Amino acid sequence: MKLIILNNENEVAKKTAQIIGDKIKEKPRTNLGLATGSTPIKTYEYLVKMHNEEGLSFKNVITYNLDEYCSLDQYNINSYRYFMNQHLFSKINIKKDNTHFPDEDNFDVYDSLINSCGGIDLQLLGIGVNAHIGFNEPSDAFSLYTSHVNLSESTIKENSRFFDTIDEVPKTAITMGIGTIMKAKKIVLIACGEKKEDAIFHLIKGPIMPKYPASVLLLHPDLTIIVDNKAARKLKNMEEKCKIT
Ligand code: F6R
């Protein structure tokens with residue numbers, strides 16, 4: 001595991017976009033796993049900038065988003081398809097047919113779809129305040145496959161900031177499973193702000209347990225965690241466990 005602690009959200013986004021951009025330059029037909037939420041928005045802004053100013057091409061890139069709410073269609077402003085169109089896809093030269101989201105119709109074939117194209121080369125992750133990844137909530141077991149899940153009260157409350165009222169937040173979603181995520185060749189997890197300090201602490205300190213879903217990432221052979229100072233606040237004396245840069 002490699003831990004990169006940077007000064008602020010902007011530096012986190014720039015570094016993350018550079019890693020993604022380098023992967024696309026090395027392998028133009030990259031299979032990218034993508035996340036939504038507040039944290040990656042700036043990373044997507046940097047990728048758009050790299051597309052406009054440096055000619056970074058997404059012509060052959062294929063994307064698989066981590067998750068999608070049930071009961072919101074793609075035109076709903078709170079759907080994750082809408083989010084990705086708004087922040088990235090409409091601003092770069094990606095082909096719409098190359099962008100994939102799990103949904104109620106395809107979730108049982110989403111993993112085989114990913115496998116059949118050679119697997120995810122680079123998976124971008126955020127992390128919930130309860131250490132969820134995708135919508136894999138704290139539970140008694142790690143989920144293996146893309147599946148239909150109930151959102152926890154804490155996630156519904158956390159995500160209600162995007163909706164007019166908390167009652168509008170969908171209670172269920174489709175998410176890649178922990179097993180699906182762990183199969184990615186490379187994982188980059190980003191987190192910013194003090195409200196993520198506990199989640200980052202549990203991720204890095206362990207123990208690996210489904211109560212802290214992200215903790216399983218410690219078993220991944222190519223994991224990079226990029227955080228700002230605020231999210232790293234609880235990481236004292238952890239140098240031995242992580243290669244800190
Ligand atoms: C969304 C996703 C979630 C978010 C997490 C953090 O696709 O996978 O796990 O990454 O809820 O969200 P923000 O960045 O809004 O704090």
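Q: Which residues does Thr43 touch, not counting residues up to four places away in sequence?
A: Thr43 touches Ala13, Thr16, Ala17, Ile20 and Ile190, where contact means heavy atoms within 4.5 Å. This is a predicted model, in which local features need pLDDT of at least 70 and side-chain atom pairs count only at pLDDT 80 or more, while totals for chains, interfaces and linings use all residues. Residues are numbered from 1 along each chain as its sequence is written, and side-chain values use heavy atoms, with hydrogens and water left out.

Q: Where is Thr43 found?
A: Thr43 is part of helix 2. Helices (H or I, at least four residues) and strands (E, at least two) are DSSP runs, numbered from the N terminus.

Q: Is Thr43 buried or exposed?
A: Thr43 is buried, and its relative accessible area is 0%. Buried means under 20% relative accessible area, exposed means over 50%, and partly exposed lies in between (1.4 Å probe, protein chains only).

Q: How do helix 1 and helix 2 cross?
A: The axes of helix 1 (residues 9-26) and helix 2 (residues 41-54) come within 8 Å, crossing at roughly 50 degrees. Helix 1 is therefore oblique to helix 2. Axes are lines fitted to C-alpha atoms, for helices over the stretch in contact, and angles run from 0 to 180 degrees between N-to-C directions. Angles under 35 degrees count as roughly parallel, over 145 as roughly antiparallel, 65 to 115 as roughly perpendicular and the rest as oblique.

Q: Which residues meet there?
A: From helix 1, the residues include Ala13, Thr16, Ala17 and Ile20. Among those they meet in helix 2 are Thr43, Tyr46, Leu47 and Met50. By class, the contact of helix 1 with helix 2 has 6 nonpolar, 5 polar and 5 charged residues. Here Ala, Val, Leu, Ile, Met, Phe, Trp, Tyr, Cys and Pro count as nonpolar, Asp, Glu, Lys and Arg as charged, and the others, Gly among them, as polar.

Q: And helix 2 with helix 3, at what angle do they cross?
A: The axes of helix 2 and helix 3 (residues 80-87) cross at roughly 40 degrees and come within 10 Å. That makes helix 2 oblique to helix 3. Ile41, Tyr44 and Val48 of helix 2 make the contact with Phe83, Met84 and His87 of helix 3. This contact of helix 2 with helix 3 has 5 nonpolar, 1 polar and no charged residues.

Q: Where does Gly193 lie?
A: Gly193 is in the loop between strand 9 and helix 7. Gly193 is buried, with a relative accessible area of 16%. Not counting residues up to four places away in sequence, Gly193 touches Asp228, Lys230 and Ala231. The C-alpha atoms of Gly193 and Asn8 are separated by 8.6 Å, although the two are 185 residues apart along the chain.

Q: Finally, how many helices and strands are in the protein chain?
A: The protein chain has 7 helices and 11 strands. Buried residues make up 55% of its 245 residues.
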